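The sequence and structure come first.

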Amino acid sequence: MTTSADSGWTHAGHGRPESVEPDPTTMAIATGLQLPKGFASIAADPDLGPAISMSLARVEKQLRLAIANSDPLADATSRHLIEAGGKRIRPLLTLLASQLGDASRPEVIQAAVVVELTHLATLYHDDVMDSAPYRRGAPTAHEVWGNTVAILTGDLIFARASILVSELGAQALGIQARTFERLCLGQLHETVGPRPDQDPVEHYLSVIADKTGSLVAASGQLGAIFAGVAEPIQRVLVEYGEKVGVAFQLADDVIDVTGLKQVSGKSPGTDLREGVETLPVLLLRRAAATDPSAAEVLALVEGDLTSDDALARAVAALQAHAVTAESWAIARQWAEEAVDALAPIPDGVVKSALSGFARAVVDRSV
């Protein structure tokens, strides 16, 4: 990695923060950005909308600088998922939380880059664990380069995130470390399954709180910290993020059996075919003990789903059963609890946007 004074790179490979005035590249990125529908109130605001879009563009540019590497293989594998796109929900929450304080501080952008890099690192690992063939419409890294390269790429990206967060100070480093610990524990607990004395649904909720809720919570927390937001509001954003993260994943569970491929990015029944027991199946298994109709659907779900016809029958049966509506209700409950957690935040466009996002994750307009 070059380290000359005029190279634009640091020893770690991440770019130096750009000046306050955006360059043409950042302006071009901002022009092409579209905020998710859940953030419509931000997009419509004449001041906040452009500010958030410009900050997201800075994050996008810094993401690419952060993973750039002079080694051709490491550079190609690290760029793989970033170039596949993504909604950038976590950095967006970082930027939005910062609007409750001084959002102009450069540390806010760096914190937003850290949370997205951490997320990307986990995706490389998750895809290997799940043997997933596609991510964001593109072949997964392990399909292109193999499991070992994919895992090492995830490690490399997390190392870059760690360098960046270490520059933000001990508090941010502690948040990052504790979040990553929860991400790992969530994956571990998902892999080994519930204990004999543990309710499978409660186990699953704890897993997704660790695997998804923890990083969403850290995203808002870091944005608030570096914008100088008071600690009580920081705690509000942590609670909100935890609940939104769980709601988001629960909605993904239901989408897998409702045929909404266009919003989830994967074919209906992917989780069923891969034997992943998400909330609808867990509720179905619980109901099957006393409900003959649930037992019939469970037999389809547990059958041979190799053929598309068999998978389609299982998806249709599960979609029609009451446990799917129950799963939606649980997801919406978590979203509404997230909205309720925002009560201490003053009314305004930021609070409205956070509320809208929590509800949008279960209506899946993000």
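## Helix H4 and its surroundings

In this predicted model, the buried residues of H4 are Ala74, Asp75, Thr77, Ser78, His80, Leu81 and Ile82. These buried residues pack against several helices, namely H3 (48-67), H6 (106-130), H7 (141-145) and H8 (147-166), and against strands E1 (134-135) and E2 (138-139).

Helix H4 runs over residues 72-83, and its 12 residues should span 16 Å at 1.5 Å a residue. The C-alpha atoms at its ends are 16 Å apart, in agreement with that expectation. At the start of H4, the backbone nitrogen of Leu73 has a side-chain oxygen of Asp71 within 3.1 Å. After H4 comes Gly85, which has a positive phi near 95°.

## Salt bridges

Side chains of opposite charge can pair when their charged atoms come close. With a cut-off of 4 Å between a side-chain nitrogen of Lys or Arg and a carboxyl oxygen of Asp or Glu, the count is 18 salt bridges. Among the residues involved, Glu60, Arg64, Arg88 and Glu116 are linked in a network.

Glu190 and Lys211 meet through their side chains in a salt bridge, at 2.9 Å from N to O. This pair links distant parts of the chain, with Glu190 in helix H9 and Lys211 in helix H10 (residues 200-226), 21 residues apart. Glu190 has 31% relative accessibility and so counts as partly exposed; Lys211, at 22%, also counts as partly exposed.

## Bridges between later helices

The side chains of Arg273 and Asp308 form a salt bridge at 3.1 Å, N to O. Arg273 lies in helix H13 (residues 270-273) and Asp308 in helix H16 (residues 308-320), so this bridge ties together parts 35 residues apart in sequence. Arg273 is partly exposed, with a relative accessible area of 38%, whereas Asp308 counts as exposed at 58%.

In the salt bridge between Arg359 and Glu336, the closest N and O atoms are 2.9 Å apart. Because Arg359 belongs to helix H18 (residues 349-363) and Glu336 to helix H17 (residues 322-341), the pair joins parts separated by 23 residues in sequence. Arg359 is partly exposed at 37% relative accessibility, and Glu336 is partly exposed at 32%.

## A nonpolar surface patch

Leu185, Leu188 and Val192 make up a nonpolar patch on the surface, and together they have about 260 Å² of accessible area. Leu188 is in helix H9 (residues 170-192). Its relative accessibility is 46%, so Leu188 counts as partly exposed.

Note on methods: Residues are numbered from 1 along each chain as its sequence is written. This is a predicted model: local features need pLDDT of at least 70, side-chain atom pairs count only at pLDDT 80 or more; totals for chains, interfaces and linings use all residues. Side-chain values use heavy atoms; hydrogens and water are left out. Patches are made of residues with over 30% relative accessible area and no salt bridge: like charges are joined within 9 Å, nonpolar side chains (Val, Leu, Ile, Met, Phe, Trp, Tyr) within 5 Å. Accessible areas come from the Shrake-Rupley method with a 1.4 Å probe; for residues, only the protein chains shown count as cover. Helices (H or I, at least four residues) and strands (E, at least two) are DSSP runs, numbered from the N terminus. Buried means under 20% relative accessible area, exposed over 50%, partly exposed in between (1.4 Å probe, protein chains only). The expected span of a helix is 1.5 Å times one less than its number of residues. Contact means heavy atoms within 4.5 Å. A polar contact is a pair of N or O atoms within 3.5 Å; within protein, one must be able to donate a hydrogen and the other to accept it, and residues adjacent in sequence count only if both atoms are side-chain atoms.
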